[in-house]
Each structure stands twice: as C-alpha cells, then as structure tokens.
Amino acid sequence: MSKERPPEPLDFFIWTVEDVGLWLEEINLGGYRQMFRENGVNGEYLEGMSMFTTEQILRFIRRCHMKWGDFITLCKELRRIKVACLKGEQKVRRPWWAPSCLSIVFVRVAKRNRQSRVVSMKLEP
C-alpha cells in the first residue's frame, strides 16, 4: 500500500497495521493510530471485531484508550466498508502477483469471493 494515500476499502481484509493507521486518519480517528499500531490491529483483526463479545469489546476499548463515541464511529465506518463490499461498489483490481493474462478470471473470482466473505460476516442492522 502507498504511504501517501489511504488504503483501498476493497483490500480491507488484508490491511496491514500501517494501512489501518492511514484509514484511521481518513475517518478522523488518527489520534488512535499509535495505540492501534502497538496493539497490532490490522484488517484481519478489524474483520473479526463483528464477532467480539461484550467483554472483548470492553477490553479492546480499554487497551486502545478509546472514547465510546470514537468506538461507535469506528464501528459505523467498518460497517460502511463491509456494506460497500457486499454491494459490489468497490473496484476489483488485479493483484501485482497475478499475470495480466488472468485479469478477467481473477476479477470474476474476486467479486464472487468478496461477496460471499462479506455475507458470512455478522452485520447487525
């Protein structure tokens, strides 16, 4: 991921800790960037937060020294990204390692996989 621009929402599931920090800046929660980095919060961790128990949520909030309002903002932004992926609003890009001759095949498979993965998440109304 480029250090100058925020990470693409499509890549949400594979964001690095640095990508998460850039995204926090974008959603005006940059003050938590260092705490998230220290706690190793990456895209995979954020994806799993939808399955957290109340006790796990409280531990996360305490560990990252988050305010309740900021945690709610974080959850709303995560949900926005997941819904955008589910609706197919994010552009699918060929990864750097895939040969260009397989671009069309990769894009089709990626769209199907992305939608099935997001559907499997727990998205509360």
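Which residues does the UniProt annotation "domain: SAM" cover?

## Annotated span

In the unreviewed UniProt entry, the annotation "domain: SAM" covers residues 15-50. UniProt positions follow the numbering used here, feature names are shortened, and annotations may be inferred rather than shown by experiment. The span is 61% helix and 0% strand, and its end C-alpha atoms lie 16 Å apart. Helices (H or I, at least four residues) and strands (E, at least two) are DSSP runs, numbered from the N terminus.

## Model and conventions

This is a predicted model, in which local features need pLDDT of at least 70 and side-chain atom pairs count only at pLDDT 80 or more, while totals for chains, interfaces and linings use all residues. Residues are numbered from 1 along each chain as its sequence is written, and side-chain values use heavy atoms, with hydrogens and water left out.

## Nonpolar core

A nonpolar core is a set of buried Ala, Val, Leu, Ile, Met, Phe, Trp, Tyr and Cys residues joined through side-chain atoms within 4.5 Å. Buried means under 20% relative accessible area, exposed over 50%, and partly exposed in between (1.4 Å probe, protein chains only).

The largest such core has 21 residues; Trp 23, Leu 24, Phe 36, Leu 46, Phe 60, Met 66 and Leu 74 have the most contacts inside it. Two or more residues come from each of α1 (17-26), α4 (54-63) and α5 (68-86). The largest share, four residues, is from α5.

## Positive phi in loops

Asn 28, in the loop between α1 and α2 (33-38), has a positive phi near 65°. Asn 28 is exposed, at 69% relative accessible area.

His 65 is placed in the loop between α4 and α5. The phi of His 65 is also positive, near 55°, and His 65 is exposed, with a relative accessible area of 59%.
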